[in-house]
Amino acid sequence: MSPFCLQQNNVLHALQQQFPDLRFHPEHLSVLRDTGHCANAVVMRYKDSQVDLVVKDFARCNWLLRKTFARFIIAHEAKALEQLSGITGVTPHCYKLGESMLAYPFIEGTPLNKIKQSGRRLPRQFFIDFETLVSRIHQQGLVHLDLRNLGNVLVGPDGKPYCIDFQSAIGFRSFPAGLQRFMKGADVTGVYKAWRILCEEPLPTEHATYLDEYNQVRKRWIFRGYPVARLKRRLKRLICSRS
């Protein structure tokens, strides 16, 4: 049996353990993303008439990575999603299927990077709703930290914004006030960056000024990246160098 078939079987088994009243079949499992990188999860989707789930699985990574980096990332993202449970615009549930596997309901929508590629423009209200969603995330004490990546924001069938991929999210309240502002600014400028690129109307002057000033500070920021992102990169370099 190939490594990928073995991984598929493991995913189906883990789903069966999580949902014992349902039945899971391989024909309903597909791959959404597989970069082949030694420290990246394979992202799958299981969809049938009863469930529609995204599954992140690090099982094909080496043993050391699964026990360190993958275990940390899965636990970290699960904790973030649980903390944000109940916020419209974030997946409502998540399921730890193992130390290196996480599942959550699939969110239907089109990523902003695909919107950009298509040349479409979005109404101003979308970005107002996006800014409100970011504010609600911050009210729970978390920053996403990767919303400048247009692939992490979806336009749902209802025209509303949805945020995905919280593996870089972090609680900010234990940091000094200045760093808290900078971290929250990373999310807010993610909204304004998308607004500037994709909105039918120009970015308001005060938002444009904030975005430009933040970008200048970001260029001079002495700490490259954020705490979780730096840790991820260090673990990747360490473990991949030993593979």
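A: The protein chain exposes about 12,600 Å², and carbon and sulfur atoms supply 51% of it. Areas come from the Shrake-Rupley method with a 1.4 Å probe; for residues, only the protein chains shown count as cover. This is a predicted model: local features need pLDDT of at least 70, side-chain atom pairs count only at pLDDT 80 or more, and totals for chains, interfaces and linings use all residues. Numbering runs from 1 along each chain as its sequence is written, and side-chain values use heavy atoms, with hydrogens and water left out.

First, the setting. The protein chain has seven helices and 10 strands. These are DSSP runs numbered from the N terminus: helices are H or I with at least four residues, strands are E with at least two. Of the 243 residues, 47% are buried. Buried means under 20% relative accessible area, exposed over 50%, partly exposed in between (1.4 Å probe, protein chains only). Take contacts (heavy atoms within 4.5 Å). Among those between residues at least 6 apart in sequence, 64% join residues at least 24 apart.

Now F19. It counts as buried because its relative accessibility is 16%. The structure holds 11 aromatic pairs. F19 and F24 make a tilted one, with 6.1 Å between centres and 45 degrees between planes. A pair needs ring centres of Phe, Tyr or Trp (its six-membered ring) within 6.5 Å; planes under 30 degrees apart are stacked, over 60 edge-to-face, the rest tilted. F24 is buried too, at 9%. F19 also pairs with Y95, edge-to-face, at 5.1 Å centre to centre and 70 degrees. F19 sits in the loop between helix 1 (3-18) and strand 1 (29-33), while Y95 is in strand 4 (residues 95-98), so this pair ties together parts 76 residues apart in sequence.

Step back into helix 1. Q7 lies there. Its relative accessible area is 1%, so Q7 is buried. Leaving out residues up to four places away in sequence, Q7 touches V42, M44, D57, A59 and R60. L6 is in helix 1 as well. L6 is partly exposed, at 44%. From L6 to A59 is 53 residues in sequence, but 9.5 Å in space, C-alpha to C-alpha.

Of its 20 lining residues, L32, R33, G151, L154 and I164 are closest to the centre. Strand 1, strand 3 (52-57), strand 5 (101-105) and helix 3 (112-118) each give two or more residues to the lining. On a 1 Å grid over the protein atoms alone, a pocket is an open set of points with protein on both sides within 12 Å along at least five of seven lines; a cavity is a set where a 1.4 Å probe fits but cannot get out; lining residues have an atom within 4 Å of a point. Points are joined across faces, edges and corners, and volume is the space filled by probe spheres set on them.

One cavity reaches 30 Å³ or more. E77, L81, T91, Y104, I107, C163, I164, D165 and F166 line it.
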